[in-house]
Amino acid sequence: MKFRYTMTLFTLTAILLGGGVVWANEQAAPVGPKLPPKVRGLLLQEMNAVSRATHEILDALIRGEDQVVAERAQAIHDSFILKQEMTAEDRSALIEAAPEDFVRRDRAFHQLTGNLAAAARKSDTPRQQALFSDMVEACRACHARYATNRFPSFRE
């Protein structure tokens with residue numbers, strides 16, 4: 001019961017805090033509009049898959065289903081749709097449009113999800129909670145910096 005309350009409180013806090021407070025120096029030009037349509041489509045496909053898996057992880061954390069957390073976190077870790085389906089030309093367009101910080105954040109995010117999968121395989125609930133929190137914050141921070149066109153509340 002305590003875990004369920006903690007996760008509900010965390011989710012509400014993330015929604016409230018993620019709703020608009022971003023310091024001016026955190027924002028950068030959105031990356032998506034700079035991308036060719038194919039690359040942008042692949043990026044959106046990957047982000048939608050990550051979003052679905054994140055919701056499934058939250059549900060599994062609340063239910064204490066470590067195996068599901070491990071599977072979904074590992075799926076995010078391994079979900080390099082961009083890497084798998086991009087041509088050399090697509091990669092060049094992404095590198096040109098995306099600052100190094102964007103790429104660094106993406107790598108760090110995938111590392112977090114790999115760590116979350118490992119914690120879930122060990123049934124380490126406190127570590128899973130901490131890593132999931134870090135994962136959600138990584139999403140929020142990247143969207144606030146590089147996706148204000150898709151999430152306009154971060155521009156306020």
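A charge sits over a ring if NZ of Lys or CZ of Arg is within 6 Å of the ring centre and within 35 degrees of the ring normal. Arg150 meets this definition: it lies over the face of Phe151, at 6.0 Å from the ring centre. The model is predicted, so local features need pLDDT of at least 70 and side-chain atom pairs count only at pLDDT 80 or more, while totals for chains, interfaces and linings use all residues. Residues are numbered from 1 along each chain as its sequence is written, and side-chain values use heavy atoms, with hydrogens and water left out.

Aromatic rings come next. Rings of Phe, Tyr and Trp (its six-membered ring) pair if their centres lie within 6.5 Å; planes under 30 degrees apart count as stacked, over 60 as edge-to-face and the rest as tilted. The structure holds 2 aromatic pairs. Phe102 and Tyr146 form one of them, edge-to-face, at 5.5 Å centre to centre and with 90 degrees between the planes. Phe102 lies in helix 6 and Tyr146 in helix 7, so this pair ties together parts that are 44 residues apart in sequence. Helices here are DSSP runs (H or I, at least four residues), numbered from the N terminus. Phe102 counts as buried at 13% relative accessibility. Tyr146 is buried too, at 4%. Buried means under 20% relative accessible area, exposed over 50%, and partly exposed in between (1.4 Å probe, protein chains only).

Phe151 and Phe154 also form an edge-to-face pair, with 6.5 Å centre to centre and 70 degrees between the planes. Phe151 is partly exposed, with a relative accessible area of 30%. Phe154 is buried, at 6%.

Helix 3 covers residues 66–77. At 1.5 Å a residue, its 12 residues should span 16 Å, and the end C-alpha atoms are 16 Å apart, which agrees. The expected span is 1.5 Å times one less than the number of residues. Asp66, Val69, Ala70, Ala73 and Ile76 are buried in helix 3. Seen down the helix axis, these buried residues fall within an arc of 130 degrees, so they line one face of helix 3. The arc is that of the directions from the helix axis to the C-beta atoms. The buried residues of helix 3 pack against helix 2 (37–63), helix 6 (100–121) and helix 7 (125–146).

Gln128 is placed in helix 7. Gln128 counts as buried, at 1% relative accessibility. Beyond residues up to four places away in sequence, Gln128 touches Leu61, Asp66, Val69, Leu116, Ala119, Ala120 and Ser123. Contact means heavy atoms within 4.5 Å.

Conventions
Helices (H or I, at least four residues) and strands (E, at least two) are DSSP runs, numbered from the N terminus.
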